[in-house]
Amino acid sequence: MILNQAGTRRFRAYTSKHLDELLRRAGLGDDERLKVRAVATVLPFRTNAYVVDELIDWSAAPDDPIYRLVFPQEDMLPAADVARLADLLKAEAPNAEIQAEANRVRAQLNPHPAGQKELNVPKIGDEPVPGMQHKYPETVLFFPKQGQTCHAYCTYCFRWAQFVGDADLKFASDDIDQMVGYLRQHPEVTSVLITGGDAMIMGEPVIRRYIEPLLELEQLESIRIGTKALAYWPQRFTTDPDAGETMRLFEQVVAKGKNLAFMAHFSHPRELESPLVESAVKNILGSGATIRTQAPLIRSINDDPATWSSMWRRQHRMGMIPYYMFVERDTGPQDYFAVPLARAYEIFRDAYSSVSGLCRTVRGPSMSATPGKVCVDGVTEIAGEKVFMLHLIQARDPSLVGRPFFARYDPSAVWLTDLRPAFADRFPFESADDLLPA
């Protein structure tokens, strides 16, 4: 392992060129490795030495949950598509031919769910503002150009399209003045979420260029940073060369009267076990920032109540705030990872009921769908009909926030578009012109 002068580990990335070697370590045979490599031509693969050496239990691979969290699986995509790509790889076809087939498969995977490219892109005048999304009145998402990668990629990532090298699929901008100008024109915006990718892939001098101009905007109450660095590279906040300067930047944000909120992504309790994570959390909290935790519910990785209750309890002990259990989004290999909504509710309920009230800050299971964040509140029977109870935690139309509604019970439904209204001809967020088919 490479060491720096302080004796701590330097960051080392593993990409698709290292994939075959790592798959051998998992005990996969030639045909299995070829199929996994075929999947990796469509969905991005990246991990690092910390994840490989510290988080994965290689004696349990390929069934280990952290292995499954970062390594593609051969059955994540339709078998016919995998077979075609595997044949091209085996025949050592030209890269252009392989990429053309990979692009064809990607186009079928809904790379931009929930109207990201049509409904959420803000405008100045008639011109769209690149690298931003404005779905809810009070919150803007900003995608800094240098932050559109991660220390490692999750196999279920709903932003996978950011990482496949296709400019038409990517949100990104380095125009700080344009971001600030847009915010000044929209005083209703009180929160900016810097996201990606992973904002904390950026070094301190770069992230400072994006954050400092925001500190002069009186309208802003909070700055959020979307990150999985605490799980995948906690050294970013402890022993990296700019860790100290990064903490001082966080202190500067708090001193300006802004709430600095880390939206930290933890998918499994093992990601919380390292002493490095504990040190990183202490440093961040010591700067005055808060840490809120969230992750999607994923089949074969964290689809049982004990996993979630263990995560929430440990996060609470460490000073973090459990925030969201999400439903796997309708993009990428959703069919492979999705948990039916009825089961998702059971997992959430059982985990929620086994933790103290101080952990019950968490919300879910929540779908980040086109109309907003739709929460499954339960399953009940009304007037002899079994139904899902739901409400909007957040909504494109603020008047719908908190408004309960009902859907017919469907044990196989995995997403909002699988549901049909109960006791009404449409959902509250639908107009008469866009009724879902019966």
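These notebook entries record what I looked up in the structure.

**Entry 1: the model.** I noted that this is a predicted model, in which local features need pLDDT of at least 70, side-chain atom pairs count only at pLDDT 80 or more, and totals for chains, interfaces and linings use all residues. I also noted that residues are numbered from 1 along each chain as its sequence is written, and that side-chain values use heavy atoms, with hydrogens and water left out.

**Entry 2: the whole chain.** I found 14 helices and 15 strands in the chain; helices (H or I, at least four residues) and strands (E, at least two) are DSSP runs, numbered from the N terminus. The radius of gyration is 22 Å, close to the 22 Å that the globule rule gives for 438 residues, so the chain is as compact as a globular protein of that length. The radius is taken over C-alpha atoms, and the rule is 2.2 Å times the number of residues to the power 0.38. Along its principal axes, the C-alpha trace spans about 65 × 55 × 50 Å.

I then looked up burial: 56% of the 438 residues are buried. Buried means under 20% relative accessible area, exposed over 50%, and partly exposed in between (1.4 Å probe, protein chains only). For contacts (heavy atoms within 4.5 Å), I read that 70% of those between residues at least 6 apart in sequence join residues at least 24 apart.

**Entry 3: the cores.** Which residues have the most contacts inside the largest nonpolar core? They are Phe71 and Phe237, in a core of 109 residues. A second, separate core of 22 residues includes Tyr345, Ala369, Leu392 and Val414. A nonpolar core is a set of buried Ala, Val, Leu, Ile, Met, Phe, Trp, Tyr and Cys residues joined through side-chain atoms within 4.5 Å. In soluble globular proteins, nonpolar side chains tend to be buried together. Leaving aside neighbours within four places in sequence, I listed the contacts of Phe237, among them Met200, Met247, Phe250 and Phe262.

**Entry 4: strands 8, 9 and 10.** I followed Phe262 next. Ile225 stands opposite Phe262 in strand 9, and the bridge partner of Phe262 in strand 10 is Ile291. Strand 9 pairs in the parallel sense with strand 8 over six bridges and with strand 10, also in the parallel sense, over five bridges. Two strands pair if DSSP finds at least two bridges between them. Six of the seven residues of strand 9 (residues 259–265) are buried, so this strand is largely enclosed by the rest of the structure.

**Entry 5: strands 5 and 6.** I saw that a hairpin joins strand 5 to strand 6 through two residues. The two strands pair in the antiparallel sense over three bridges, and Met132 stands opposite Phe142 in strand 6. In strand 5 (residues 132–136), five of the five residues are buried.

**Entry 6: helices 8 and 14.** In helix 8 (residues 204–211), six of the eight residues are buried. I noted that these buried residues pack against strand 6, helix 7, strand 7, strand 8 and helix 10. Helix 14 has 12 residues and reaches 16 Å from its first C-alpha to its last, close to the 16 Å expected at 1.5 Å a residue; the expected span is 1.5 Å times one less than the number of residues. Its buried residues include Tyr345, Ile347 and Phe348.

**Entry 7: Gln334.** Is Gln334 buried or exposed? Gln334 counts as buried because its relative accessibility is 10%. I placed Gln334 in helix 13 (residues 334–337).
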